[in-house]
Amino acid sequence: MEVSLIGSSQSKVGATELGYRELGFCSSKVESLNVVSLRSKVCFDQIGKWKINTRLRFTPKAVKSEPVRSTEVSGRSRKSKLLNGVKLYVGLPLDIVSDCNTVNHARAIAAGLKALKLLGVEGVELPIWWGIVEQEAMGKYEWSGYLAIAEMVKNAGLKLHVSLCFHASKEPQIPLPAWVSQIGESEPSIFFTDRSGKCYKECLSLAVDELPVLNGKTPVQVYNDFCESFKSSFLSSMGSTIQGISIGLGPDGELCYPSHHQKAKDNKIPGVGEFQCYDKNMLSNLKQHAEATGNPCWGLGGPHDASTYDQLPTSNSFFKDNGGSWESPYGDFFLSWYSNQLLNHGDRLLSMASSVFKDTEVEVSGKVPLVHSWNRTRSHPSELTSGFYNTCLRDGYEEVAQVFVKNSSTMILPGMDLLDEHQHHGSLSSPELLLKQIKKACRRHGVEISGQNSSVSGAPGGFEQIKKNLLSENMVNLFTYQRMGAYFFSPDHFPSFTMFVRSLNQPQLHSDDLRREEEEEEEEAVGAIPKSSESSINMQAA
């Protein structure tokens, strides 16, 4: 294959070399690359970034890569449905499409997609950002970059799960739509606010869901219009290439309050977070609720004795295990109201998404965070500030599961690679117990579960823990490994991921057998880099 770079000083570049180089390989090593060199002879970009010097603008018509015709490789058929019938997906980079609707690292992505297909991966997850598609003006949508990605995924013979992101990202930097941020400058109450008055500007407050704060429309109406435009633009792929759609429910796309956005420093015990109920609309709702229950003094604000972001549960009286205010009548009043606001928000958005996509044969899902710090205490303070009224006295995830089953939605649970033994001992954390509790609530209410890992950087023993969670109780129907990038394809990670996939395909094999299968798998995945006659991609320089 040859790649034509219109407007580039380099008119023709060997695509095999480009494919390796943009996956992080130095071009000097390409000719000798084989399964051994994947581990020892491959030179990676040491600063952890994809190697690319040319910004490439893709449109659906510009992508002319030849579809994969067969899944037969070396006489073996690659199975996409793995252990216990679980389908394996891999997340694409968060910034795969730029704010100019260009596809970043396009040739590296194409090579990576083919490698994943040969490994037996079912599909990929594509984050689609509100701030990129509808960035200029309300109702003005630009889908070209994402349509190009969908075409590449289809041609690679993979399936697609789409995540519609109605939040912003700090790393990589992806803001909310400019017109939304402008509204927020003059009306900051559209954002969550903490006790000190500081606004969290990475997503809208759930208190404005049904208020006409966006140029005369409510956020739910704007999200609905966005979903309708998406459905119209991708209709031909619905139910075929696109198998599922995840609707963004809050910060980082998760159903929660942004109570932990100030991350703890390395080796420091994480704090309990902070209640996010101080924007004027949340305070108005709280006041009305307090008056309706006959306790108007309880509606003046959040708990005065609650800890702040980085403080421990014992720093104030609200979260104390014995005699804490959370156990008092006021504590129950506030925590019930705070949690119900979040549940109602999740219900509104999942109901909206289910209505929009009900005739498309795609699965609608939403993500629930695994807030596991301090969950070995009686009060579970980190969960309380996040919006989950879950303590030693009540199961807060029963209500969450009810919201999902009501809307026929799948619950996405992250953290399936985490083990208790690797958490900070001072935080009294147990991700394993919390995951088990949420899964139990889902099983009781008939909610399907999709899983994710916490980070591609790899929790110790993460792959084995993922496999254990996929095997247990046969509850997880799809697992998405997060996420593709320079480290994902590095020799420190990719061989381990390959062996993990092989172990899911053939769990009965011994480690030596798996290692041999892994080496064959890697060799074939490396061979997936497009050769001269396999495909042709025309690209326009942005």
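These are my notes on a few places I looked up in this predicted model.

**Entry 1: Ser-365**

I started with Ser-365, which sits in strand S12, residues 363-367. Is Ser-365 buried or exposed? Its relative accessible area is 1%. The cut-off for buried is under 20%, so Ser-365 counts as buried. Next I listed its contacts, leaving aside neighbours within four places in sequence. They are His-161, Ile-245, Ser-246, Ile-247, Leu-350, Thr-410 and Ile-412. I also checked Ser-354, 11 residues away along the chain from Ser-365. The C-alpha atoms of the two are separated by 9.0 Å.

**Entry 2: strand S6**

I moved to strand S6, residues 87-91. Of its 5 residues, 4 are buried, so the rest of the structure largely encloses S6. Which strands pair with S6? Strand S15, residues 476-481, runs parallel to S6 and is joined to it over 4 bridges. There, Leu-88 has Phe-479 as its bridge partner. Strand S7, residues 123-129, is also parallel to S6, with 3 bridges. Here I found Tyr-89 opposite Gly-123. From S6 the chain passes through helix H3, residues 106-119, to reach S7. This β-α-β crossover is right-handed.

**Entry 3: the largest nonpolar core**

Last, I looked at the largest nonpolar core, which has 128 residues. Which of them touch the most other members? They are Ile-128, Trp-130, Leu-164, Phe-230, Phe-334, Phe-357 and Phe-497. Helix H9, residues 329-356, gives the core its largest share, 13 residues. I then followed Ile-128, again leaving aside neighbours within four places in sequence. Its contacts include Trp-143, Tyr-146, Leu-164 and Phe-230.

Key: Residues are numbered from 1 along each chain as its sequence is written. This is a predicted model: local features need pLDDT of at least 70, side-chain atom pairs count only at pLDDT 80 or more; totals for chains, interfaces and linings use all residues. Side-chain values use heavy atoms; hydrogens and water are left out. Helices (H or I, at least four residues) and strands (E, at least two) are DSSP runs, numbered from the N terminus. Buried means under 20% relative accessible area, exposed over 50%, partly exposed in between (1.4 Å probe, protein chains only). Contact means heavy atoms within 4.5 Å. A nonpolar core is a set of buried Ala, Val, Leu, Ile, Met, Phe, Trp, Tyr and Cys residues joined through side-chain atoms within 4.5 Å. Two strands pair if DSSP finds at least two bridges between them. A crossover is right-handed if, with the strands pointing away from the viewer, the path from the first strand over the helix to the second runs clockwise.
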